[in-house]
Amino acid sequence: MKKITSIVLSVSMAAGALGMNTAVVHAEESAKKVAYISAANQFDFFVYIGAEIKKVGEENGVQVDMFDAALDVSKEADLMSQAILQKYDAIIVGPVDTQALIPSIKEANEAGIPVINYDSFIEGAEVYARVGSGNKEMGKTAGEYAADMLKEKYGEVKGNVIVLSYPALETMNQRNEGFIEALKEYPDVTIKEETVEECTAEGGQKLTDNLLIANPEGTLDIIYGSNAGVALGALASVSSAGREDIALVGIDNEEGQLNALKDGRYYKATVAQDSYSIGEEAMNAALSAIEGKKTGDVVVPGILVTADNVEDYLTDDQAKKDELEEYK
């Protein structure tokens, strides 16, 4: 017993001689660790979710390590396995593919590591929380704004609307469902769904080029594109044709969409996802999970951005980005 005591004293004296605070050393050893796995850091949406997570983690004395799956399903599974092997206290993950991630989440469950799912919601695996934009709710917000525009144009809610569709992408399906649901309340609105071959700007532009030929001036009022790619493709087509009779409504907040709103001739509204609130809510859920508490589903409302408020939105958004710069 005497020998053990002398060893402990020697270690403490050595730490003191090196100017180390032993209390700090013990605190660092016991600090909680959270792994944040981004689906794709090539998009600002995921970068700033991660930055907000890191900021909230720092404020609560929790270490956050950040990883990028880079839209690679296999890489994301590997990152999950590494986080499990390294015994993180919680994992916050945005799925590249919701179905492909299920085995990794089950592996984390078996290891006793809570998982927080953000962005696209995963079905079929137990998580402590799911945090993300309400896709159907965002679509409904866009649809309600479209109804307001039609009323302003005609004095009542009537007209012809085309919804750009891509059935393979569940987020677009949900956003389209909400948009159509909002407009179905008005029997004098004709809604048609048209499917893009590719869920890209090129795909959106190619389809819209054909739609403009099939719908001459004065016969089409609104085109709705429920993700940045197809919305920007539709914008390129309509602006090239000079079709100011058509209003564009979309979802997401890519630079091209916001610049088009500032111009205001074609692109009239977009519903932006709130990456900062998603990050904050995801980290709060992780803190609760570390304490053994489940948060459940947290739906973060989208932000309606129009030509009228885009400058204010950009000012607020830049201020938030500046605040998070050191956490990227």
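This is a predicted model: local features need pLDDT of at least 70, side-chain atom pairs count only at pLDDT 80 or more; totals for chains, interfaces and linings use all residues.
Local features need pLDDT of at least 70 and side-chain atom pairs count only at pLDDT 80 or more, while totals for chains, interfaces and linings use all residues. Residues are numbered from 1 along each chain as its sequence is written, and side-chain values use heavy atoms, with hydrogens and water left out.

Start with the open sheet: 6 strands, paired in parallel, in the order β2-β1-β3-β4-β5-β11 (strands are DSSP runs of E, at least two residues, numbered from the N terminus; two strands pair if DSSP finds at least two bridges between them). At the edges sit β2 (63-68) and β11 (296-300), each pairing on one side only. β5 (residues 129-133) and β11 share 5 bridges, and S133 has V300 of β11 as its bridge partner.

Next come two helices (DSSP runs of H or I, at least four residues). The axes of α4 (residues 73-85) and α5 (residues 102-110), lines fitted to C-alpha atoms over the stretch in contact, with angles running from 0 to 180 degrees between N-to-C directions, come within 9 Å and cross at roughly 5 degrees. The two are therefore roughly parallel (angles under 35 degrees).

As for salt bridges (a side-chain nitrogen of Lys or Arg within 4 Å of a carboxyl oxygen of Asp or Glu), the whole structure has 16. One of them joins R130 to E123 at 3.2 Å; R130 is buried at 13% relative accessible area, whereas E123 is exposed at 51% (buried is under 20%, exposed over 50%, partly exposed in between, with a 1.4 Å probe and protein chains only). R243 and D245, also bridged, at 2.9 Å, are both buried. Finally, a network of salt bridges links E52, K55, E59, K320 and E323.

How values were computed. Angles under 35 degrees count as roughly parallel, over 145 as roughly antiparallel, 65 to 115 as roughly perpendicular and the rest as oblique.
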